[in-house]
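The sequence and the structure come first, and the description follows.

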Amino acid sequence: QSEDSDKSSKESDSETEVEQVSGYHKLLATLKTSPESESEEEEDESESEEAEESEAEMDSEGSQESGEGEEGEEDKNDVPEEAEGTTDTAEQMLSQEQADGTDTSCDPRHGVIEEFTDVKHEAEFSLETNFMEEESGDCNADRRDSNPFKQHMDKELEEKEIEKMSTLPKTSSQSQWPRLGQVIFSSTLEKHKTLKANKEVDVKQLHLHKPLESTWPKVNKQLLSAVDKPIDSSFTPLQRELFCIMNSYRDLFYPERNALTNGEEVRHTYCLHALNHVLKANAQVLSNNAKRRDRKPGTDTDDHRDQGLTRPKVLMIVPFRECALRIVHIFISLLEVNDKKKIDVSNKKRFKGEFGSDPEEKPPNLKRPEDYEAVFAGNIDDHFRIGVAILQKSMRLYAPFYSSDIIIASPLGIRTVIGAEGEKKRDFDFLSSIEILIIDQADIYLMQNWEHVLHLMKHINLLPLDSHGVDFSRVRMLNLNNWSKYYRQTLLFSALQDPQINSVFNKHCFNYVGQVAVRNVPLTGSISHVVVQLPHVFRRLEADSVTSVIDGRFQFFIDKVLPEYRDAIMSHTLIYVPSYFDYVRLRNYFKKEDLNFTHICEYTKKAAVCRARRFFLKGEKQFLLFTERFHFYKRYTIKGIRNLIFYELPTYSHFYSEICNMLKATDNGVDATWTCTVLYSKYDAQKLAAVVGIDRTAQMLQSKKNVHLFVTGEN
């Protein structure tokens, strides 16, 4: 995909620091001015057009070790070494270039000018010209469902309350919930009204809009069978507590979303909440349309303020097309009361073609961990966006954004629409009145490009630059006052806690009702899943600030750690590097020092990966620099490791045990010499706890000595 699709990724790839660091910008300057980069980029463009060969060949251990296929095709998303920092990391090796039937207009190489949108059904789905159908029984939906949708949206904040939220710190309290565990409530405006977990849920008391009361139990039934006899018949224990928080319109951060176990529970729950919100909002508008039509001339119409400055109400950020496909399928199921009452879905065939996947495309005999298979299921293209309009018994896919109720997009897909300052073709007015923002699988964006998420957060809920034909007499005062961000509910789901994800939740969420964050601490840590007998040495480095820890780690490594591994006896040393910037820095240093090393990153060509693995296995290269993103996207087993260095703790804690367990892949009787060294600082508390557990973390952070742990394989 195009290198132009993200011009700022070169400023944003630091994976572990919330703040940008000037030292890295100097490093990037050397990348940008490389005399070789232009010709290499041109060469790579032609290579990127080639179809990716079957991964099965690459994965055949025989061919990897013997170096067969070294002259094979290159990864289509590889970039030249000296230009690596300039390419968008959201378009990683696993993005599908063009599945059969894929709309190539979504690809930045083809521009977004001809991107397909459904114009044919504009009038049919217009909120301005339609009225509530009498037989639907929802004419009084706004009164019947007075709580909690109308309570949240009709609340009139005062200037002093807005000022209070802008200046005063939040107060917090915590509670223990049966399924979620430790829950932290925080708010600025009011003392916390205790929100308790509902032990039982009557669907009729949830103020769900028709037809959700009847369809939700049926749609969710498949997930209930896997749970041990839930108390009620419509929610799993996890869903019950999550929906309790969502339905209160508080912001929510849930960092324990697992694609393998509870991912579908979470997805179904936020789909129910989003659809419930849209149906209520649209029913209110249609009902008021009828009232305005029937009103007497000269009647004051200020009572009918029921809209935002633009129509989109819900923005759903998901990593892959497969996620969007599943969301739309859930929406359709929730809207279909029974088999006889099918809803009309426009452009459904096109949608299935572009967002679906061909099972035969997957290379055979690929052995990957279960969590990998769950994350990378289906169509894993990461550049897409689609508008969805819902009106009573119909759904419109590919609706123009300004005629959409829900927008489903990837970070890269939304970023290429928002554009950057100075670009002629850019648009973010459609984000002005978003009332629910859902960011699902946030941890994956750390592996793509986190800058896209930050860019979105800076452009959401701003006053639009154009009126877009809005009837200002129908616009809520909260939108006219530019207070939309104080009413927006943000739902953030992740597989882990990370400083950058925490920062978005803490600094970009302003909901007047408050925030709820699940904050459980790991008791054991992933080190307990290490099955090889291995001494682990955790070496603490000192740093005065988050920004200084990057330079401090590099200096500590080259001064204290690396000298111990320069001796030839310490061969077969793999250095695991989470940050791409750190990887480039180390690679340049190793070249300068003329060390005997090879390296693999997410941009390395297939042939080069084969060579590097073979050289490392045979001991022809003493060191192997290995990036976390390569492991995330490929999950190859690296053979021949005898010494491990974690330059920084992994983003995903289970990667620690996975990498350590690679040592058993080479059973040659030298396990007594195996070593594992881990660098950490006081700013790595969350990652450290996920690896060694909370109790050990507390001891390690208090002590300034190196910590030696020996895992027997039985811990």
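Helices (H or I, at least four residues) and strands (E, at least two) are DSSP runs, numbered from the N terminus. This is a predicted model, in which local features need pLDDT of at least 70 and side-chain atom pairs count only at pLDDT 80 or more, while totals for chains, interfaces and linings use all residues. Residues are numbered from 1 along each chain as its sequence is written, and side-chain values use heavy atoms, with hydrogens and water left out.

L212 belongs to helix α8, which covers residues 212-219. A residue is called buried under 20% relative accessible area, exposed over 50% and partly exposed in between (1.4 Å probe, protein chains only). L212 has 0% relative accessibility and therefore counts as buried. Along the sequence L212 and L272 are 60 residues apart, yet their C-alpha atoms are 7.9 Å apart in space. P211 sits in the loop between β2 (181-187) and α8, and the peptide bond that joins K210 and P211 is cis, with omega of about 5 degrees.

Most residues other than glycine have a negative phi, and most peptide bonds are trans. Q441, which is not a glycine, has a positive phi of about 55 degrees. Q441 is placed in the loop between β9 and α16, and its relative accessible area of 7% makes it buried. H572 likewise has a positive phi, near 60 degrees. The loop between α21 (549-561) and β13 (573-577) holds H572, which counts as buried at 5% relative accessibility.

S346 is part of strand β5 (residues 344-346) and is buried, with 6% relative accessibility.

**Salt bridges**

A salt bridge is a side-chain nitrogen of Lys or Arg within 4 Å of a carboxyl oxygen of Asp or Glu. The structure holds 24 salt bridges, and the table lists some of them.

| Pair | N to O distance |
|---|---|
| R326 and E264 | 2.8 Å |
| E322 and R326 | 2.8 Å |
| R476 and E435 | 3.1 Å |

R326 is partly exposed at 27% relative accessibility, and E264 is partly exposed at 23%.

Within helix α12, E322 and R326 are 4 residues apart, so about one helical turn separates them. E322 is buried, with a relative accessible area of 12%.

The salt bridge of R476 and E435, at 3.1 Å from N to O, connects two loops. R476 lies in the loop between α17 (450-459) and α18, and E435 in the loop between α15 (411-418) and β9 (436-439), so parts that are 41 residues apart in sequence are tied together. Both R476 and E435 are buried.

**The largest pocket**

Rolling a probe the size of a water molecule over the atoms shows where empty space is left. On a 1 Å grid over the protein atoms alone, a pocket is an open set of points where a 1.4 Å probe fits, with protein on both sides within 12 Å along at least five of seven lines; lining residues have an atom within 4 Å of a point. Grid points are joined across faces, edges and corners, and a volume is the space filled by probe spheres set on the points.

The largest pocket contains about 1200 Å³ of space. Its lining comprises 46 residues, of which A495, L496, S653, H654 and A690 lie nearest the centre. At least two lining residues come from each of α14 (370-375), α16 (442-447), α25 (654-661), α26 (685-692) and α27 (694-702). Helix α26 gives the most, with 5 residues. By class, the lining has 23 nonpolar, 14 polar and 9 charged residues. Here Ala, Val, Leu, Ile, Met, Phe, Trp, Tyr, Cys and Pro count as nonpolar, Asp, Glu, Lys and Arg as charged, and the others, Gly among them, as polar.
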